[in-house]
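I am opening a notebook on a structure that is new to me. My plan is to look up a few places in turn and write down what I find at each of them.

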Amino acid sequence: MFFDGTVELTSTDHEDAHFVSEVMAAAMRRIGQLAFVQVVTDTCSVMQAAWRNLRTHFPWLTTTCCGTHVLALELKDLAKIPAVAAVIAKVQVVLSLFWGRKRWPRRRLRETIAANHGGKEFGLYRAKQTRFAGKFREMSRMLRCKADLQQVVVSSDYAKQKFTQRGTSADGDDQLDPAIGTKVKAIVLDEDGFWRPMTEILYIAMPLIKLLRLLDGNKPAIGKIYDRMFTIGQRLQQMSNTISWAPAMSKIHSERWEYLHSPFHAAAYALDPEFLATVGELDEACQDGVLLVIERMCLRDVIALAPDVDHAILTITSDSPQVVQRVAQAEGEFAKYQRREGPFSRPAVLLNAKKMEPAAWWSTYGRHLPLLATIASRVLAQPGAASWAERNWSIYGQIKSANKSRMQHRTADKLVYCHETLYLQNKLQSAGWQPDVVAHETDEESASEASDEEKDLTDEIFSPDTLALLMQ
């Protein structure tokens, strides 16, 4: 990721599809229009209309929507289901006490956790408003602290406390509300009405959260979306007989997957070596998607090899003889890949397909398919989300804050550019130019916390006994 710049809007600019597409097209021409094979944005109607304008300027371009954005919308839809919303409301009641103004509940809970978990210092988690999957992370942390919460609320010291909760009066003073302690105790001790539904919710939501985290990271992951979304749909269908709201969630998932799906995702799945064993059994949509992307990549390559690129962009189309010849050669190589001819049938190749980075795998085992290997490496290196662009705005907000509102636009752009360039340089130097480099310090901390949460969910929440209980 690198920061290139921003565009300052004036009162005369209309943020319609034509204006947005022209801004992006101008930036692409300035950087090098043939360097782009994909554009990832959010999914508002203006952006979708801008996609069509971009494809008229650059016919080899593929436009896709941000994967993390769609997954966040799906989790938001999940939170609106009445049964799920009821559990989230109870979670907020518990957090209002153990994360509220009174210090005793939070301090006592941390002491209990430290005593029960070998000195580990952690407590409940309260997500910020813009945090991806924040409500579900609150539930996962609360489920991790289940025994500790129950130990606190049944203690004699808890019964002696006089809890307060912010009142609704105009002056905003705290009002005595002893009922809040009773409410929280009833919720924490309610196994069937609180903890079991929470476990069911997390069992459904955790695959979505893991996929969101994968797309939000640094590793190439666009080839995993197709398989992960299909697997999540199968899990929802399996749970339709045991969880009452699972059919509604299954319908939501199907609609969101239809919303996210694009030919580029299908091509990335077909060319990802992890799924080499199933590449010969592609459905019609996936087969059409990979052939369409191959055609666009070949069109781009033919234009790039032309003596006069500007003239070639205007004259060369997908029906041009040199493009058709290159497409035929690439599709012939893809047919060999589907039949797993040559080294693709070796057991070691199949084993490394799940362990090696896609680009390294293709450079090692795909040399007899030069066109397809080049296309596959290019496709699988693309991001599946626009998260890095969103993070740029976080840095921009830190530099041009409310206290520095008079800062000129060009000055702010230069400062953000210097900040991101120095960070990228330091990251590459400290990592020794490894592809698996660590993200920003704040991202590193959140990634560590997220991995701990996933481990706890895997080892403690979804134990064999818990899964047997869910399937009853």
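Predicted model: local features only at pLDDT ≥ 70, side-chain atom pairs only at ≥ 80, totals over all residues.

**Entry 1**

I began with Asp 301, which is buried with a relative accessible area of 9%; buried means under 20% relative accessible area, exposed means over 50%, and partly exposed lies in between, with a 1.4 Å probe and protein chains only. Residues are numbered from 1 along each chain as its sequence is written, and side-chain values use heavy atoms, with hydrogens and water left out.

Asp 301 is joined in a salt bridge by Arg 326, and the closest N and O atoms are 3.7 Å apart; I count a salt bridge when a side-chain nitrogen of Lys or Arg is within 4 Å of a carboxyl oxygen of Asp or Glu. This pair links distant parts of the chain, since Arg 326 is in helix α16 and Asp 301 in helix α14, 25 residues apart. Helices here are DSSP runs (H or I, at least four residues), numbered from the N terminus, and strands are runs of E of at least two.

How many salt bridges does a search of the whole structure find? The search finds 13. I looked up the one between the side chains of Lys 224 and Asp 272, which meet at 3.1 Å, N to O. Lys 224 lies in the loop between α10 (191–215) and α11 (225–238), and Asp 272 in the loop between α13 (263–271) and α14 (284–305), so the pair ties together parts that are 48 residues apart in sequence. Both Lys 224 and Asp 272 are buried.

I then turned to Arg 228, which forms a salt bridge with Asp 227, the closest N and O atoms being 3.2 Å apart. Arg 228 is partly exposed at a relative accessible area of 27%, and Asp 227 is also partly exposed, at 21%. Putting these together, I find that Lys 224, Asp 227, Arg 228, Asp 272 and Glu 274 are linked in a network of salt bridges.

**Entry 1: a patch of positive charge**

Which residues gather in a patch of positive charge on the surface? They are Arg 106, Arg 110, Arg 126 and Lys 135. Patches are made of residues with over 30% relative accessible area and no salt bridge, with like charges joined within 9 Å and nonpolar side chains (Val, Leu, Ile, Met, Phe, Trp, Tyr) within 5 Å. I checked Lys 135, which is in helix α6 (residues 134–144) and is partly exposed, with a relative accessible area of 37%.

**Entry 2: two positive phi values**

Most residues other than glycine have a negative phi. Ala 133, however, has a positive phi near 55°; it sits in the loop between α5 (103–116) and α6 and counts as buried at 15% relative accessibility. Arg 340, which is not a glycine either, has a positive phi of about 55°. I found Arg 340 in the loop between α16 (321–338) and α17 (347–353), and it is partly exposed, with a relative accessible area of 28%.

**Entry 3: the buried side of a helix**

In helix α9 (residues 179–188), the buried residues are Ile 180, Gly 181, Val 184, Ile 187 and Val 188. They cover an arc of only 130° around the axis, which puts them on the same side of α9; the arc is that of the directions from the helix axis to the C-beta atoms. An α-helix has 3.6 residues a turn, so residues three or four places apart point the same way.

**Entry 4: residues apart in sequence**

Ile 375 lies in helix α19 (residues 370–380) and is buried, with a relative accessible area of 1%. Between Ile 375 and Leu 271 I note 104 residues in sequence and 8.9 Å in space, C-alpha to C-alpha. Ile 294, in helix α14, is buried with a relative accessible area of 0%, and its C-alpha atom is separated by 9.8 Å from that of Phe 264, 30 residues apart along the chain.

Is Ser 244 buried or exposed? At 69% relative accessibility, Ser 244 counts as exposed, and its place is in the loop between α11 and α12 (246–260). The C-alpha atoms of Ser 244 and Ala 83 are separated by 8.9 Å, although the two are 161 residues apart along the chain.

Methods: Areas by Shrake-Rupley, 256 points an atom, 1.4 Å probe, with all protein chains shown as cover. Lys, Arg positive; Asp, Glu negative; His and termini not counted. Charge placed at Lys NZ, Arg CZ, Asp CG, Glu CD.
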